[in-house]
Amino acid sequence: MMNKLIKYYIVVLFLIVLTGCNKANNAKPKEVVTPFNAQVDSLMALMTLQEKIGQTVMYSGGWSITGPTVSSDNKKYIKEGSVGAMLNVYSAKGTRELQKMAVEETRLGIPLLFGYDVIHGFRTIFPINLGLAASWDLNDIQKGARIAAEEASAEGIHWTFAPMVDIGRDPRWGRISEGAGEDVYLGSKIAKAYVKGFQGDDLSKHNTILACAKHFVGYGAAQAGRDYHTVNMGHDELRNVYLPPFEAAVDAGVETFMTAFNELNGVPATGNKFIFQDILRNEWKFNGFVVTDYTAINELVEHGFAENEKHATELAIKAGIDQDMMSSANRLYLEELINEGKVDVSLVNNACRKILLTKYKLGLFDDPYRYSDEKREKEVVYKAEFLEAARKSAAMSTVLLKNNKALPLNNKQTIALIGPLVKDKENIIGNWAAAGDRKGKAISIYQGIHEYLSASKIVYAKGCEIEDFDMSNFEKAINIAKKVDKVVMVLGEDYDMSGEAASRTNIKLPGRQTDLIRAIRKAVPNKQIVLVLMNGRPLDLSEEDNLVDAILETWFPGTSGGYGVADVLFGTYNPSGKLPVTFPRTVGQIPIYYNMKNTGRPIPPRNPKQDYKSNYIDVPNTPLYPFGHGLSYTNFEYSEVQLSATSIKFSDTLTVSAEITNIGDVDGYEIAQLYVHDKVGSITRPVKELKGFKKIYLKKGESQTVSFTLTVENLKFYNNHEFVTEPGEFEVAIKGTSDFDFKQTFTLN
Ligand code: NOJ
């Protein structure tokens, strides 16, 4: 092997001297000039067309199944040099084996790139992404991504298909669980945190991995929340809501993008020149490479956009797509298309160049096995400090939705633990749990509570399953509820009721779980019932809200979830999470989100009973729990906002401050949120827009002034394709929720 590699490097070095520097100097203005351009040029000079096309092909190793199985003889293709990247292969040994094949058995020995869905952890699983977003803690999110990269990189992974930065405003859509929720500002900040966490500050380090901003674009706006469904939206919504988190990822230096499955205004994303060329490349100057989603090139045929797979291949490469995940389209048709003059060979050269450049940046040409390190794998995976970090993230991600003094628990009470998720270790790590262990490694809620309460104080009954309709075990649950001081029920969804291809039309608790709460409430009308929830989407909790005394949303809290949730239940961590997404009263209100438009017939705030206004006749317009909502075991009082001026010019900045006081009995964190309302616009503006947030810690009785600086940049919006600022009056507030009425204004002249 060494002989071959050495020969190869000699040839490459020779060519670098001969041609490389020259070409780098002649680079086109938009091309990134990296130290590797010359090497790539030299290597490409040695490559056949088939080998270049090979770099644009990705196949699955099938260790995890994340899409339809496509029959392909991967090993044969690797040896032929017709594969540039693999997905769904991991472990130092497994990746090394395939890498060896690519390096030693192909003509040029070009290393493979290994990609995987490292979404909220690799082995040590953090809360699902929607849960992480509920922490509003950018440092913690970045740290979680860093840990995921540490573990994944030791097991041979070079590239994660994350973050998913799709705005999600429809709880029916199963993939709302993988994103940062409904808000463009929060979503953009979180997108950056993930990219920085995964990629670190230096891609040549062996513990950093490529990030991938996905799914470009509009995937979260699928009609009726049905996965993969049609997306139609105007420029206002596209530019102001769905694009910014992707642009934020580009700003943070994201190396790759993934296409969305959906069509956008009639053109499927994987064949969409407008989004990939006009916006991503020309406007945002993105220089990395674009991979399709799984079989998305072939799907252009089902979309009715391409006549056949060959035509689809042509449309995708012409739209600016560089790598084909699992369609086999590039491998089968690109050469033919070039020979027929339908595709210009420069498109393949460009795609190949970007992919090779990325491999150079990762250091794979120096040492193709640097990520597949069994020693590091053993040292790094499930490190105690990672599990501890996951515990903290779990605690920070919980959202206390309701509390009538039923929480925190104390260690003197006896408790009935009831529900199908009390002892669960399979669902608790959520969907897209990468190489996380669903059998033994996770800490259940039961185990977590045990840390605080002796066995003699806990009684347990499952009561029912998550999804079936059997009520025969209700009685045991009712009996134990009668014998204790307090009831804690742990209920929710199955982990695979959210994630890809997991849309629901009914967003209530599945199976007989609500019946179980009802039965227990009836049996113990005067006892406090605490509901602990695990779910991957906002649920309709209207009935539960009336039946129980406290609700703690824990999402799917991850490997150390049981400990983290128990820390919150017993008050070791005072809950500080705030909803990153609205919880509706009923599925019929969807789409419902805080920064909606006013309409021409709004109902007066807090007075829903009006004729011929924009409201329902059967439920209020308001959600059950609004965006930004989340209680604490203490209370925070907000002063009215103070403004540094009531009128500012375009060049000025405005300081907005409020004093926040912890008026309760315990110390705690609060997430202060800055909202603005642009009252009149050349296109209408949302009733509220988040423009900043800060997480502060206040001891009981303590006050702190929180200040934000607003600039004209913060007040801009897209009107059609233009980013504009308009003079006029703005409302402004700092609050601990999005549910409030503005009282202060300023003008921009
Ligand atoms: C399909 C999903 O949409 C995408 O997010 C994921 O990265 C790929 N499958 C690979 O598993």
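In the loop between β7 (263-264) and β8 (267-268) lies N265, where helices (H or I, at least four residues) and strands (E, at least two) are DSSP runs numbered from the N terminus. The model is predicted, so that local features need pLDDT of at least 70 and side-chain atom pairs count only at pLDDT 80 or more, whereas totals for chains, interfaces and linings use all residues. Residues are numbered from 1 along each chain as its sequence is written, and side-chain values use heavy atoms, with hydrogens and water left out.

The phi angle of N265 is near 50°, a positive value in a residue other than glycine, and N265 is partly exposed at a relative accessible area of 38% (buried means under 20% relative accessible area, exposed over 50%, and partly exposed in between, with a 1.4 Å probe and protein chains only). N720, which is likewise not a glycine, has a positive phi of about 60°; N720 is located in the loop between β24 (717-719) and β25 (722-724) and counts as partly exposed, with 44% relative accessibility.

Cis peptide bonds were also examined. The bond from A162 to P163 is cis, with omega near 10°, and P163 belongs to the loop between β4 (159-160) and α8 (184-199). F216 and V217 are joined by a cis peptide bond with omega of about 0°, V217 being placed in the loop between β5 (212-216) and α9 (235-242).

Helix α2 (residues 37-46) is largely enclosed by the rest of the structure, because eight of its ten residues are buried; these are N37, A38, Q39, V40, D41, S42, L43 and M44.

Around the ligand there are 13 residues, of which T66, D117, R175, H215 and D293 come nearest, a residue being near a molecule if one of its heavy atoms lies within 4 Å of it. By class, this shell holds six nonpolar, two polar and five charged residues (Ala, Val, Leu, Ile, Met, Phe, Trp, Tyr, Cys and Pro count as nonpolar, Asp, Glu, Lys and Arg as charged, and the others, Gly among them, as polar). An N or O atom in the side chain of D117 is 2.5 Å from an oxygen atom of the ligand, a polar side-chain atom of R175 lies 2.6 Å from a ligand oxygen atom, and for an N or O atom in the side chain of H215 the distance to an oxygen atom of the ligand is 2.7 Å. Taken alone, the ligand exposes 290 Å², of which the protein buries 100%, with accessible areas computed by the Shrake-Rupley method with a 1.4 Å probe.

Definitions and conventions
A polar contact is a pair of N or O atoms within 3.5 Å; within protein, one must be able to donate a hydrogen and the other to accept it, and residues adjacent in sequence count only if both atoms are side-chain atoms.
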